[in-house]
Amino acid sequence: MSSWAEAGVTVFGEKLLWTDLLGNVFSLATVLLAIRRTIWTWPVQLAGAVLLFTASASAHAPGNALKQVMFLLLVSYGWVRWVRGIRESRDLPVRPATGRERALLIGALAAGTAVVALLFADISWLQITWSPTANAYIFVGSAVATFAQSRALVDFWIIWVLVDLVGVPLAIKSGLYVSGAAYGIFFVMVLAGFRNWIKQYRRQRRGAELEAVAA
């Protein structure tokens, strides 16, 4: 890994990587942009994923590095979906997931965690010394949350809450202290985002009902 990727600052005896710090600044910005339902959330998230991939590779956290690669693919998909949604409507339409969609999301989270945990435990270059199941849960949960976000489902905020509950201790254990602190901030911001999207959905539903009555 090049010297710039390993550059950082020492705080209380622990080295904080600049890539980890900047990557999480971009990630925090992504949450704020997602709350506002702006298309800029996707390019900012893309930049954050690149920085956090570099930080994770430098910290020898292969699971987290792979998560950022996965983000690059999902963010590209989400970007296209939101562009289409905003083009068809002046404001991005959001909605809660249907019962079937929630079942599929939960099923994907459970099954995906089980499969990825086996990969993390059995594939030599992916071996995780501290709880491969926790790493797999965050990996798959992040994918499921980002996919739900790409489809503008309010439920994606709830999935992020569940991911954050495990993400804080895992990041700290991996030595990514900035990431651990960021997860804690994410938790509060995600709750605010969930509240904001619920209000937006209710406004959209009232608007649709008024249009139906007027017609």
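Val25 has a relative accessibility of 45% and so counts as partly exposed (buried means under 20% relative accessible area, exposed over 50%, and partly exposed in between, with a 1.4 Å probe and protein chains only). Val25 belongs to helix 2, residues 18-35; helices here are DSSP runs of H or I with at least four residues, strands are runs of E with at least two, and both are numbered from the N terminus. Together with Leu21, Leu22 and Phe26, Val25 makes a nonpolar surface patch with about 300 Å² of accessible area.

A patch takes residues with over 30% relative accessible area and no salt bridge, joining like charges within 9 Å and nonpolar side chains (Val, Leu, Ile, Met, Phe, Trp, Tyr) within 5 Å. A salt bridge would be a side-chain nitrogen of Lys or Arg within 4 Å of a carboxyl oxygen of Asp or Glu. Areas come from the Shrake-Rupley method with a 1.4 Å probe, and for residues only the protein chains shown count as cover.

## About the model

This is a predicted model, in which local features need pLDDT of at least 70 and side-chain atom pairs count only at pLDDT 80 or more, while totals for chains, interfaces and linings use all residues. Residues are numbered from 1 along each chain as its sequence is written, and side-chain values use heavy atoms, leaving out hydrogens and water.

## Overall build

The protein has eight helices and two strands, which follow the pattern α-β-β-α-α-α-α-α-α-α along the sequence. Of its 215 residues, 45% are buried. The accessible surface comes to about 11,400 Å², and carbon and sulfur atoms account for 67% of that.

Contact means heavy atoms within 4.5 Å. Among contacts between residues at least 6 apart in sequence, 69% join residues at least 24 apart.

## Aromatic pairs

Eight aromatic pairs turn up in a search of the whole structure. Rings of Phe, Tyr and Trp (its six-membered ring) pair if their centres lie within 6.5 Å; planes under 30 degrees apart are stacked, over 60 edge-to-face, and the rest tilted. One of the pairs is Phe71 with Trp160, whose ring centres are 6.4 Å apart with planes at 35°, so this pair is tilted. Phe71 sits in helix 4 (residues 62-88) and Trp160 in helix 7 (residues 156-173), so the pair ties together parts 89 residues apart in sequence. Both Phe71 and Trp160 are buried.

Tyr77 and Phe147 have ring centres 6.0 Å apart and planes at 5°, so they are stacked. Here helix 4 supplies Tyr77 and helix 6 (residues 132-150) supplies Phe147, so the pair links parts 70 residues apart in sequence. Tyr77 is partly exposed, with a relative accessible area of 32%, and Phe147 is partly exposed at 32% too. Elsewhere, Trp42, Trp82, Phe156, Trp157 and Trp197 form one aromatic cluster.

## The nonpolar core

A nonpolar core is a set of buried Ala, Val, Leu, Ile, Met, Phe, Trp, Tyr and Cys residues joined through side-chain atoms within 4.5 Å. The largest one has 45 residues, of which Phe156, Trp157, Ile159, Trp160 and Trp197 touch the most other members. The elements giving two or more residues to this core are helix 2, helix 3, helix 4, helix 5 (99-122), helix 6, helix 7 and helix 8 (177-214). Helix 6 gives the most, with nine residues.

Leaving aside neighbours within four places in sequence, Ile159 is in contact with Leu105, Gly141, Val144, Ala145 and Ala148.
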